[in-house]
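Hello! I am passing a structure on to you, and below it you will find some notes on what turned up in it. Please have a look at it first, then read on.

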Amino acid sequence: MMTSVDPDLMRVLADPLRLRIVTLLAQETLCSTHLIEETGAKQTNLSNHLRVLREAGVVETEPCGRYLYYRLRPDVIASLAGQFAELAESARRAADNKRACP
């Protein structure tokens, strides 16, 4: 039985800045200062996007002195990739299925 792709997670990752943040965090753990430098986003805007990613479970934080580092949770991304893989496999199996028009 195919599961559907998580629509809430898709909405979270659909924002270009959040997707850029996720892409950067896939390469290394970064603090907000690094993310501001890399993305060019304003502090408040970046903080709002990081909050959304944190609440969705996509990133986790690690305090380090007066800084807060952000790390991507690869299990969440892997789960989403698995959902898309299932969707693709279902489409392959259903390629010849065609519902007749009335």
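**Val5 and its partners**

Setting aside residues up to four places away in sequence, Val5 touches Met10, Leu80, Gln83, Phe84 and Leu87, where contact means heavy atoms within 4.5 Å. Before going further, please keep in mind that this is a predicted model, in which local features need pLDDT of at least 70 and side-chain atom pairs count only at pLDDT 80 or more, while totals for chains, interfaces and linings use all residues. Residues are numbered from 1 along each chain as its sequence is written, and side-chain values use heavy atoms, with hydrogens and water left out.

Val5 sits in the segment before helix H1 (7-14); helices (H or I, at least four residues) and strands (E, at least two) are DSSP runs, numbered from the N terminus. With a relative accessible area of 16%, Val5 is buried. The cut-offs are under 20% relative accessible area for buried, over 50% for exposed, and partly exposed in between (1.4 Å probe, protein chains only). Val5 and Ser79 are 74 residues apart in sequence, yet 9.4 Å apart in space, C-alpha to C-alpha.

**Two helices that pack**

Two packed helices are described by the angle between their axes and the distance between the axes. Here, helix H2 (residues 16-25) packs with helix H4 (residues 43-55) at an angle of about 75°, and their axes are 10 Å apart. Axes are lines fitted to C-alpha atoms, for helices over the stretch in contact, and angles run from 0 to 180 degrees between N-to-C directions. That angle makes H2 roughly perpendicular to H4, a label for 65 to 115 degrees (under 35 is roughly parallel, over 145 roughly antiparallel, and the rest oblique).

Which residues make the contact? From H2 they are Leu17, Arg18, Ile21 and Val22, and from H4 they are Asn45, Leu46, His49, Leu50, Val52 and Leu53.

Within H2, the buried residues are Leu17, Arg18, Ile21, Val22, Leu24 and Leu25. Viewed down the axis of H2, its buried residues fall within an arc of 160°, so they line one face of the helix; the arc is that of the directions from the helix axis to the C-beta atoms.

At the start of H2, a side-chain oxygen of Asp15 comes to within 2.9 Å of the backbone nitrogen of Leu17.

Arg73 is in the loop between strand E3 (67-72) and helix H5 (74-93). Is Arg73 buried or partly exposed? At 25% relative accessibility, Arg73 counts as partly exposed. Its side chain reaches the backbone oxygen of Gly57 at 2.9 Å, and the Arg73 side chain also makes a polar contact with the side chain of Asp75 (2.9 Å). A polar contact is a pair of N or O atoms within 3.5 Å; within protein, one must be able to donate a hydrogen and the other to accept it, and residues adjacent in sequence count only if both atoms are side-chain atoms.

Gln27 lies in the loop between H2 and strand E1 (30-31) and is exposed, at 60% relative accessibility.

Enjoy exploring!
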